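Here is a short briefing for a first look at this protein. Keep the sequence and the 3D view open while reading.

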Amino acid sequence: MTEVSLASHINPVTDRAHEGFASLPSCAHERLASVAAVPMTGSRAPLAVLPVVLFHVSAAPNLVNLETVSKAYPEQVILDAVSLGVSAGQRVGVVGRNGDGKSTLLKLIARTDEPDSGRVVRTGGTTVASLGQADSLPDAASVRTALFGDADAHEWASSPRVREVLGGLFGGLDAPGLPEGLDSAIGVLSGGERRRVDLARVLVDPSDLLLLDEPTNHLDIEGIAWLAAYLGGIKSAIVVVTHDRWFLDAICDRIWDVQRGSVFEYDGGYSAYVLARAERERQAAIAEEKRQNLMRKELAWLERGAKARTSKAKFRIDAANELIANEPPPRDTAELVSFATARLGKTVFELHDVTVKAGDQVLLEHLDWMLGPGKRVGLVGVNGAGKTSLLRALADATEDRQPAEGRIKVGRTVKLAWLTQHMEDLDGSWRVLESIEQVAKRVQWGKKEMSAGQLAERLGFVGGRQRTLVRDLSGGQRRRLQLARLLMAEPNALFLDEPTNDLDIETLTQLEDLLDDWPGTMIVVSHDRYFTERVADETWALLGDKHLRMLPRGIEEYLERRAEVKSAPAAQAATQSKPPSQSTVDRATQKELSKLERRLEKVEARIAEVHADMAASATDPARLTELQGRLTELERERDEIEERWMALAD
C-alpha cells in the first residue's frame, strides 16, 4: 500500500495558481485557482477531489471610474455605454480618429462635461489637473501670476519640481526663454509660448491625475523629449491624448483606442498596441469568415435537404506569420532612386558657399550641400535656426532667385511642391473629389497609375466623404486635402513643413505608407519624431551655429549634441576660472578646431562631387585621369586636416 502526501499535491497547484494570478489585470477580484484530483491510498481507492479555491486579489484603487457612460451629439454617438477606470500611477494614451471622441472622453473624466447617461465616479480627495487643446489664460496677466498667483517667490522658487519645470520649458527659473521672463504678459506671447505656460501651469503643482490633451503641440523635438522624461519621473496617473507615437511609446503603459462609440483597451505603449490591434482584427476577420462559412453551409443544407455534413472548416493560421504577412513592404530604396533619377536626372539641388539670411540675421553661412535624386532627408533644428528659411532659399532657386551670397544650382527637370504650415484658400462650395480633380484626374505613382479618387481614399476620404463640401471639413481634413492636391500635381521634389499638424494616427500611418511608394526627393521638417524617422533615410541638423550637419545616428544624436550645447555655459565658466594664459590657449584652440571642421566639410563635399563626376565620365579616359588627380589632391588635403584636428583635440 502506497501513501501519497496531500500537501505535496496541493502546494505546487496553489503556487502555480498564485503565479497565474500575478499576471491578471488589476481589476480582477476573484478567479478560479485550481481543481485537482489526488489519489489517497492504493490503486483501487476512490479519488478525493479538492474543492474549488477562490482567491481575492487586491487591486490598486481606481482614482476615476466611468460606469456605462454614454455621450452623443445630434450627428454622432461619441461614447456608447463605456466603462473604464484609471488607477493610481497608471499612464494611459488615448488614440483614435479625429472626431471620434478622445477630447470628449477627457472632459468627462475632468467633469467639465456631463454624460448623457451613466456616471463618472472619482475617489474622494483625488486632485486632477487638466490641459486642454486651447488655453484659458488671461491675456492681461503675467506669466508669474498665471503660474503662481500672488505667492511670494520664496514660496515656490525653492521647489525642485518648479525649478525643473521652468528649466525644461523656459530655460531657467527666471524664464529667460520668454520676452520679459516671468513678467511677460500672456497677451504678447506667441502660440507656442502660451502653450508652454499652460503646460507649466499643469505641471508645477503635484496632482494625483494629469489629463493632457495634445501636450506636445508647439513643442520642438527637445521639448517633447524633456516632457517625456519629466512625466516618466513623477508619480501622478496620466491620461494623454496625442498623435505623437514616439511620445506614446515613451510614457504609456496602456492604450485606449476610441472607435465608433466604443473604447478598446490594450496593455503597453504604442508599439505593443499596433501589434495587439492587428491581432484583434485578424481574430475578428477569422471569426467573420467562420460565420460566413456557416451561413453558406446552412443555406446549402436548406437547399439540398437535411443531409449529414461530411466535413468541417479547418483553420491552421499561425498568428505571428499572419501578422508579418500583413505588414507593408519596406521601401525599395534602389528602385525609388532609379525612378527618381529617371524623373530628375543627376542634379536636384547643389548649394555652393551659400549664406542664408532672415532680414539682417545670418542663419547659415558658407553652406555646401548636395541633394541628389531620391534622397529622403529629415531636417531638424532649434526654432529660429533657419529650417524654413533654408527651404525657402531652395524654393526661390527653382524660380531663378539666387541667395544674397553663394549659388544654388537646380536641376532642369525639378518640379517642386511645398506643403507649408499655412492652409491654402479653396472654394468652400467645391466637394473634396472635385477640388482634387481641379489639379488632375490621374497621377503616375511609381509604376502604377492612380486616380484622384484612389489617392483621396488613401488619405482617408473614403466613400461618401469624397463628396463632402470643402467648407464642412475639419482642420485635419483640410490638411489632407491640401496634401492630396499637391501630390496630384506630380512633383518630383517635395518639401513637407510640419505635415503632421492636425492629423490623427490612422491618417499619419496612411500618409507614411503612401510616401513609401513616392519616387522623388523629399525634405521633411517635423517635430513628430516617429514620422521623421519613419519616412526619412537621413537626418541633417541645424544646431544654431550657422552650419548644417549630417547626423549618422539621427535624432538621438541631435538630442545629445543639443545637451552638449546647453552644458557649454557651465564648461565655459569653469574655463574662465583657469589662469588667463590657459584660457587664451583654449579659446585659440577651439577657434582653430572650428575652422578645421568647416574646411573638412567643404573638402568632403568636393570629394563627393568628384566621385559623381567620375561616375558620369566612365567612358572618357582623359577626363577620368584628370578627375583622379583632383581626387588625390583632395584626399591628401582631407588627411592633413584630420591629422591637425586630432592633434589639437588631444
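Where is R260 placed? R260 is in the loop between β12 (254–259) and β13 (262–267). The model shown is predicted. The points below start with the whole chain and then move to single sites.

**The chain as a whole**

- The protein chain has 20 helices and 24 strands.
- It counts 650 residues, and buried residues make up 42% of them.
- Take the contacts between residues at least 6 apart in sequence. Of these, 67% join residues at least 24 apart.

**Two residues with positive phi**

- Most residues other than glycine have a negative phi.
- R260 has a positive phi, near 50°, and is not a glycine. Its relative accessibility is 66%, so R260 counts as exposed.
- A175 is also a residue other than glycine, with a positive phi of about 55°. A175 is found in the loop between α5 (160–170) and α6 (191–203).
- Is A175 buried or exposed? A175 is buried, because its relative accessible area is 0%.

- D528 is found in the loop between β22 (521–525) and α17 (529–535).
- D528 is buried, yet has no salt bridge.
- How far away is the nearest side chain of opposite charge? That side chain belongs to R245, and it is 4.3 Å away.
- D528 does have a polar partner in the backbone. A polar atom of the D528 side chain lies 3.2 Å from the backbone nitrogen of Y530.
- Beyond its neighbours within four places in sequence, D528 is in contact with H243, D244, R245, T500 and L508.

**Salt bridges**

- How many salt bridges does a search of the whole structure find? It finds 27.
- D116 forms one of them with K71, where the closest N and O atoms are 3.9 Å apart. This pair links distant parts of the chain, 45 residues apart. D116 sits in the loop between α2 (102–110) and β8 (117–122), and K71 in strand β5 (residues 62–73).
- The two partners differ in cover. D116 is partly exposed, since its relative accessible area is 49%. K71 has a relative accessibility of 9%, so K71 counts as buried.
- D396 forms a salt bridge with R401, with the closest N and O atoms 2.7 Å apart. D396 counts as partly exposed at 23% relative accessibility. R401 counts as partly exposed too, at 43%.
- R442 and E449 meet through their side chains in a salt bridge of 2.9 Å, N to O. R442 is partly exposed at 43% relative accessibility. E449 is partly exposed as well, with a relative accessible area of 48%.

**Strand β14 and its partners**

- Strand β14 (residues 349–358) and strand β15 (residues 361–371) run antiparallel, joined by seven bridges.
- One of the paired positions is K357, whose bridge partner in β15 is V362.
- β14 and β15 form a hairpin, with two residues between them. In the turn, G359 has a positive phi of about 70°.
- β14 is also joined to strand β17 (residues 405–410), by five bridges. These two strands run antiparallel.
- Which residue in β17 does L351 stand opposite? L351 stands opposite I408.
- In a regular strand the side chains alternate between the two faces of the sheet.

**A site in helix α20**

- L624 lies in helix α20 (residues 621–649).
- L624 is partly exposed, because its relative accessible area is 24%.
- L624 and V610 are 14 residues apart in sequence. In space they are 9.8 Å apart, C-alpha to C-alpha.

Definitions and conventions:
Residues numbered from 1 in each chain as written. Predicted model: local features only at pLDDT ≥ 70, side-chain atom pairs only at ≥ 80, totals over all residues. Heavy atoms only, no water. Helix = DSSP H or I, 4+ residues; strand = E, 2+ residues; numbered from the N terminus. Buried < 20%, exposed > 50% of the residue type's maximum accessible area, 1.4 Å probe, protein only. Lys, Arg positive; Asp, Glu negative; His and termini not counted. Salt bridge = Lys/Arg side-chain N within 4 Å of Asp/Glu carboxyl O. Polar contact = N/O pair within 3.5 Å; in protein donor to acceptor, adjacent residues only side chain to side chain. Contact = heavy atoms within 4.5 Å. Pairing = 2+ DSSP bridges.
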